[in-house]
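Welcome, and thanks for taking a look at this one with us. Please open the sequence and the structure side by side before reading on.

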Amino acid sequence: MMITAADIVYEIRKTRLLSMNTLAELAGVPPSTISRIEAGKLEPTFLMLMRILQAAGFTFDNQLKESGSDQPFDSYIRRLKKSNLDIQKEPAKNLLAVASSAPIAKRNGVTRYELGYSLRDVVLELERQGQSPVVSSLESWAGSIDSVYSFTPIVYVDNPSIIKNLKPANSQSSQILFLLPLTKNAQKNMRAVRGFNMTSRAWGMLDALASPGRQPDAALETLRDYSRSVA
């Protein structure tokens with residue numbers, strides 16, 4: 001049976017639990033475009049279909065696959081900037097939809113290590129190894145590595161597979177550190193804070209929301225606390 005564009009778009013919406021409106025917003029197309037594709041009334045061009053797939057964090061090569069890319073984050077943040085909008089004012093459902101398109105655990109090159117000592121010490125050790133660490137998640141949102149705000153801290157490095165002096169995580173590890181390859185998108189959304197490199201607050205929040213376990217709940221509560229403090 002031949003797989004149609006309608007099948008593909010419906011499948012990615014179902015997998016990501018996205019409404020037609022939300023997928024359209026992520027892809028930067030009118031909601032009617034998604035509706036017409038799924039109804040078989042519009043056959044998208046290859047570029048349009050790839051745009052929709054990429055926005056949801058997928059690729060297609062005979063079958064639907066996780067892209068493992070952080071491109072959806074960069075695209076989303078660029079759209080926010082063009083619209084003069086702030087991530088802190090975005091509805092939670094939109095942020096969760098974007099985060100679901102680039103789950104941390106399925107990113108290309110992700111590795112898990114035990115966080116056996118302070119995050120600051122880990123970052124300093126990664127600097128000593130010439131790994132150019134960039135801190136993300138709720139630590140980036142807070143602008144500090146003196147405390148661990150995340151259940152699973154996230155740090156981008158040059159090459160996670162050759163890290164020394166850190167123990168690979170296992171099912172018995174009490175706290176896990178995610179190391180990700182430093183991508184061009186993450187570099188574009190990077191800033192210096194108190195002598196350390198961190199992702200932008202928006203990128204850090206999306207990474208927190210894209211993390212497994214209780215991390216998304218902690219990120220949403222952080223956003224709510226911020227909203228209350230500036231109200």
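This is a predicted model: local features need pLDDT of at least 70, side-chain atom pairs count only at pLDDT 80 or more; totals for chains, interfaces and linings use all residues.

**Helices α2 and α4**

- Helix α2 spans residues 20-27 and helix α4 spans residues 46-55; the two pack with their axes 8 Å apart, at an angle of about 105 degrees.
- An angle of 65 to 115 degrees counts as roughly perpendicular, and α2 and α4 are therefore roughly perpendicular to each other.
- On the α2 side, the contact is made by L23, L26 and A27, while α4 brings R51, I52 and A55.
- Sorted by class, this contact of α2 with α4 has five nonpolar residues, one charged residue and no polar ones.

**Serine S101**

- You will find S101 in the loop that lies between α6 (92-100) and β3 (111-114).
- Buried or exposed, where does S101 fall? With a relative accessible area of 2%, S101 is buried, since buried means under 20%.
- Setting aside neighbours within four places in sequence, S101 is in contact with R16, A55, A56, G57 and P72.
- A55 links two of our topics: this residue of α4 takes part in the contact with α2, and A55 is also among the residues in contact with S101.

**The largest pocket**

- The volume of the largest pocket is about 160 Å³.
- Which residues line the largest pocket? The lining is made up of F151, T152, S174, Q175, I176, P212, G213, R214 and Q215.
- By class, that lining has five polar, three nonpolar and one charged residues.

Key. Residues are numbered from 1 along each chain as its sequence is written. Side-chain values use heavy atoms; hydrogens and water are left out. Axes are lines fitted to C-alpha atoms, for helices over the stretch in contact, and angles run from 0 to 180 degrees between N-to-C directions. Helices (H or I, at least four residues) and strands (E, at least two) are DSSP runs, numbered from the N terminus. Angles under 35 degrees count as roughly parallel, over 145 as roughly antiparallel, 65 to 115 as roughly perpendicular and the rest as oblique. Contact means heavy atoms within 4.5 Å. Ala, Val, Leu, Ile, Met, Phe, Trp, Tyr, Cys and Pro count as nonpolar, Asp, Glu, Lys and Arg as charged, and the others, Gly among them, as polar. On a 1 Å grid over the protein atoms alone, a cavity is a set of points where a 1.4 Å probe fits but cannot get out, and a pocket is an open set with protein on both sides within 12 Å along at least five of seven lines; lining residues have an atom within 4 Å of a point. Grid points are joined across faces, edges and corners, and a volume is the space filled by probe spheres set on the points. Buried means under 20% relative accessible area, exposed over 50%, partly exposed in between (1.4 Å probe, protein chains only).
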